[in-house]
Amino acid sequence: MAATKIYVYGFSGHGAVVADVARACGYGEVVFLDDAKFDGKNVLKFDPSLEKADVIVAIGDNKIRRILQERVKNAGFGVVNLIHPSAVVSGSAQIGEGAVVMPNAVINARAAVGEGAIINTGAIIEHDCEIGDFAHVSPNAALAGGVIVGQNTHVGIGACVIQCIKIGANCIIGAGSVVVRDIADGSVAYGNPAKVRRNLS
């Protein structure tokens, strides 16, 4: 890796995990950015005049992550993806810029992971899945083949989704849910089997 410095935009628990992934990927210098928690020494505030380096946005909130990624791109910084060395990623899978693939995740053949998406620790993305931009598949969630997850959607920890299900954009799938039917845009669904409990509007 030619680059040795990376800005991790988000000083939080999630940011700490992303920083560990960056180090595992070979970055020797990790600098945190945070617009609320900056102290000018250990944590800097984002400024377009900062020395140019790679950036990864480490914010758990999907919509805020999208906004901040656009901000750093528009300021001329290079947004990278990070794939932990312990993750198993098929050579035919596609990983969008700004995406993070955490330790022990599996992304199988012909799967596509969108920009700014999070594939968290131990998650399984089976063949031919499509994960939308700025979606988050939580730790130990498992998606069978051909599942589509819309942009900005959060799939909770330990959730299971059977093959060829479509989960719309801007959804929340509760922890431990078993999804056996399609979920419309903007839905909050949970349970076994998962049922839509309310709509986000």
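The model is predicted, so local features need pLDDT of at least 70 and side-chain atom pairs count only at pLDDT 80 or more, while totals for chains, interfaces and linings use all residues. Residues are numbered from 1 along each chain as its sequence is written, and side-chain values use heavy atoms, with hydrogens and water left out. Helices (H or I, at least four residues) and strands (E, at least two) are DSSP runs, numbered from the N terminus.

**Helix α2**

- Helix α2 covers residues 62-74, and its 13 residues reach 19 Å from the first C-alpha to the last, close to the expected 18 Å, a span defined as 1.5 Å times one less than the number of residues.
- Asn62, Arg65, Leu68, Gln69 and Val72 of α2 are buried, where buried means under 20% relative accessible area, exposed over 50% and partly exposed in between, with a 1.4 Å probe and protein chains only.
- Because the buried residues of α2 fall within an arc of 125° when seen down its axis, they line one face of the helix; the arc is that of the directions from the helix axis to the C-beta atoms.
- On the other side of α2, Lys63, Ile67 and Asn74 are exposed.
- The buried residues of α2 pack against several strands, including β1 (5-9) and β4 (54-57), and contact here means heavy atoms within 4.5 Å.
- Just after α2, glycine 76 takes a positive phi of about 90°.

**The open sheet**

- Six strands form an open sheet in the order β7-β10-β13-β16-β19-β22, with parallel pairing, and two strands pair if DSSP finds at least two bridges between them.
- The edge strands, β7 (88-89) and β22 (178-179), each pair on one side only.
- Two bridges join β13 (residues 124-125) to β16 (residues 142-143), and isoleucine 124 has alanine 142 as its bridge partner in β16.

**Nonpolar cores**

- A nonpolar core is a set of buried Ala, Val, Leu, Ile, Met, Phe, Trp, Tyr and Cys residues joined through side-chain atoms within 4.5 Å.
- The largest nonpolar core has 32 residues, of which Ile107, Ile119, Ile125, Ile131 and Leu143 touch the most other members.
- Apart from it lies another core, of 17 residues, among them Val8, Val21, Tyr27 and Ala58.

**Lysine 5**

- Lysine 5 lies in strand β1 and counts as buried because its relative accessibility is 15%.
- The side chain of lysine 5 is in contact with residues including Tyr27, Val31 and Ala53, leaving aside neighbours within four places in sequence.
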